[in-house]
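Here is a short report on the inside of a protein model.

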Amino acid sequence: MASHRRPKQASRTRVTVLTATAAAAVALTSQAAHADPKPDKKEVKAKVDALYEQAEQATEKFNGAKEKQDKLEKQVSTQQDKVARGQEELNKLRDSLGSMATAQYRSGGIDPAVQLLLSSDPDTYLDKASTLDQLSTKQADALKQIREKQRTLKQERQEATDKLADLANTRKTLEEKKKEVQGKLADAQHLLNTLTAKEKEELQKQENAGSSSDSRANRSGSGSHADLGNDVPDSQRAAAALAAAKTKLGTPYVWGATGPNSFDCSGLTSWAYAQANIHLDRTSQAQANNGQHLTRSQLKPGDLVLFNSGLTHIGLYAGNGQVLHAPHTGAVVRYESMDNMPFQFGVRVA
């Protein structure tokens, strides 16, 4: 008679593993089914453009901090020189007072009445006594000068200390903004790396469609976009600044750069006007106050044009609705339609 054995049950551990594996498989399948689709190149471009704008905002703040740092370093150096000179003057005053005190002690060691009785030449003694009186007056003046110099020196040292503290804070801000810019640019590059080579090429063509930096213009500043319309610059210096900027067509954008081999947006405008012997402030926000504000219809070639609500981008009006500017990382100095950016106002440099 055949025996009927109960089938051996799977161990609890094995059941648990199989169940967990099945659950994981289901979860992965579900995630794959609901995974976010790869963003298309339009979405990537929009996100990259937003990151470039944020990087430019941070760049302008970096530029402002850098300019402040440079000024503070000069001021600190000057203040420290003043402190050193003041200490040297104070030391000389103290040495002078010490010499006077020593001379007086040596001359006045004996009672003046006794000195007169013992003197073989009363007239000589009287001359010496008169000198001692003058010496005492000089001592009083020297003490007054020392006190004044000590007060001045204390104030100068405090000013130097305050400027050093300000400099330390500015350097900290500079480093923070540097990291912020680098972070935004890294994020933008990461997004661009998600595109295929073909998609990147299409994006580049799309960007170039509204701008120009053709080879002839790059080499000489002349060519199809060198004479943009019939607009005439308002002044010779505006014409000179625009002419200088044209010679930099094709030069790469580098954040924080002021030329002559690379530029950021405000670096290009400040460099161009410097060639016309006009000093502009370093940042786009500051350059916005370097002259008379203009509407779009009032613009003439060479005027400054500002973009974005925070005035974080700037270029030179080139005529015919075109701006000559340093756009963003990965691009070069070029002409571009003003319609591609949110125009705020123009500035005619004073």
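The second largest cavity holds about 40 Å³ of space. This is a predicted model. Asp 234, Ser 235, Arg 237, Ala 238, Tyr 273, Asp 303, Arg 348 and Val 349 line this second cavity. Helix H7 and strand S7 are the elements that each give two or more residues to its lining.

A search of the whole structure finds 2 cavities of 30 Å³ or more. The table sets them side by side.

| Cavity | Space | Lining by class |
|---|---|---|
| Largest | about 50 Å³ | 7 nonpolar, 3 polar, 1 charged residues |

The lining of the largest cavity includes Tyr 52, Glu 56, Val 181, Trp 255 and His 328. H2 and H4 each supply at least two of its residues. H2 gives the most, with 4 residues.

Now the cores. The largest nonpolar core has 47 residues, and Tyr 273, Leu 304 and Leu 324 touch the most other members. Elements that give two or more residues to this core include helix H2 (41-107), helix H4 (122-192), helix H7 (236-246) and strand S7 (343-349). H2 brings the largest share, 8 residues. Tyr 273 also lines the second largest cavity.

What does Leu 324 touch, not counting residues up to four places away in sequence? Its contacts include Leu 242, Leu 249, Leu 268, Leu 316, Val 333 and Tyr 335.

Methods: Residues are numbered from 1 along each chain as its sequence is written. This is a predicted model: local features need pLDDT of at least 70, side-chain atom pairs count only at pLDDT 80 or more; totals for chains, interfaces and linings use all residues. Side-chain values use heavy atoms; hydrogens and water are left out. A nonpolar core is a set of buried Ala, Val, Leu, Ile, Met, Phe, Trp, Tyr and Cys residues joined through side-chain atoms within 4.5 Å. Buried means under 20% relative accessible area, exposed over 50%, partly exposed in between (1.4 Å probe, protein chains only). Contact means heavy atoms within 4.5 Å. On a 1 Å grid over the protein atoms alone, a cavity is a set of points where a 1.4 Å probe fits but cannot get out, and a pocket is an open set with protein on both sides within 12 Å along at least five of seven lines; lining residues have an atom within 4 Å of a point. Grid points are joined across faces, edges and corners, and a volume is the space filled by probe spheres set on the points. Ala, Val, Leu, Ile, Met, Phe, Trp, Tyr, Cys and Pro count as nonpolar, Asp, Glu, Lys and Arg as charged, and the others, Gly among them, as polar.
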